[in-house]
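Here is a short briefing on one protein chain. Start with the fold, then work down to single residues.

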Amino acid sequence: MPKIRTNRAAAKRFKKTGSGKIVRAKAFKSHILTKKSPKRKRALRQGTVVDAINVGALRRMMPYL
């Protein structure tokens, strides 16, 4: 059987934690930062765990992650 190809766009955006969860970056951090508070911008730097509803689709896109 041939290998399954990894979706490279997804592989660049998601990482796996030591416990096997998938982590993503938060949105709304790229521009129009002047009106956002420093506290909000600090919180946007942190990664967050992907919701369980989306994990199945990500596992199909990245079978070897």
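Two strands count as paired when DSSP finds at least two bridges between them. By that test, three strands form an open antiparallel sheet in the order β1-β2-β3. β1 (14–16) and β3 (48–49) are the edge strands, each with a single partner, so one side of each has no neighbour in the sheet. The model is predicted.

**Fold and overall shape**

- The protein has three helices and three strands.
- Along the sequence, the elements follow the pattern α-β-β-α-β-α.
- The radius of gyration is 15 Å, while the globule rule gives 11 Å for 65 residues, so the protein is more spread out than a compact globule.
- The C-alpha atoms fill a box of roughly 55 × 25 × 20 Å along the principal axes.
- Take the contacts with a separation of 6 or more: 60% of these join residues 24 or more positions apart.

**Surface and burial**

- Of the 65 residues, 14% count as buried.
- The accessible surface of the protein is about 5,600 Å².
- Carbon and sulfur atoms hold 56% of that surface.

**Sheet pairing**

- β2 (22–24) and β3 run antiparallel and are joined by two bridges.
- Two bridges meet the cut-off of at least two, so β2 and β3 count as a pair.
- Val23 has Val49 in β3 as its bridge partner.

**Nonpolar core**

- In soluble globular proteins, nonpolar side chains tend to be buried together.
- Here the largest nonpolar core has seven residues.
- Its members are Ala10, Phe14, Ile22, Val50, Val55, Leu58 and Met62.
- Which residues does Leu58 contact, leaving aside its neighbours within four places in sequence? They are Phe14, Ile22 and Val50.
- Phe14, Ile22 and Val50 are also listed in the core.

**The loop between β2 and α2**

- Phe28 is found in the loop between β2 and α2.
- Phe28 has a positive phi of about 70°, although it is not a glycine.
- Is Phe28 buried or exposed? Its relative accessible area is 65%, over the 50% cut-off, so Phe28 is exposed.
- Phe28 still has contacts beyond its neighbours within four places in sequence: Leu33, Lys36 and Leu44.
- Ile32 has 46% relative accessibility, which lies between 20% and 50%, so it counts as partly exposed.

**Helix α2**

- Helix α2 covers residues 38–45, and Arg45 is found in it.
- Arg45 counts as exposed because its relative accessibility is 60%, over the 50% cut-off.
- Arg45 and Gly20 are 25 residues apart along the chain. Their C-alpha atoms are separated by 21 Å.

**Helix α3**

- Helix α3 covers residues 52–61, and Ala57 lies in it.
- How exposed is Ala57, and what is its relative accessible area? The value is 33%, between the 20% and 50% cut-offs, so Ala57 is partly exposed.
- Ala57 and Met1 are 56 residues apart in sequence. Their C-alpha to C-alpha distance is 22 Å.

Technical notes:
Residues are numbered from 1 along each chain as its sequence is written. This is a predicted model: local features need pLDDT of at least 70, side-chain atom pairs count only at pLDDT 80 or more; totals for chains, interfaces and linings use all residues. Side-chain values use heavy atoms; hydrogens and water are left out. A nonpolar core is a set of buried Ala, Val, Leu, Ile, Met, Phe, Trp, Tyr and Cys residues joined through side-chain atoms within 4.5 Å. Buried means under 20% relative accessible area, exposed over 50%, partly exposed in between (1.4 Å probe, protein chains only). Contact means heavy atoms within 4.5 Å. Helices (H or I, at least four residues) and strands (E, at least two) are DSSP runs, numbered from the N terminus. The radius of gyration is taken over C-alpha atoms; the globule rule is 2.2 Å times the number of residues to the power 0.38. Accessible areas come from the Shrake-Rupley method with a 1.4 Å probe; for residues, only the protein chains shown count as cover.
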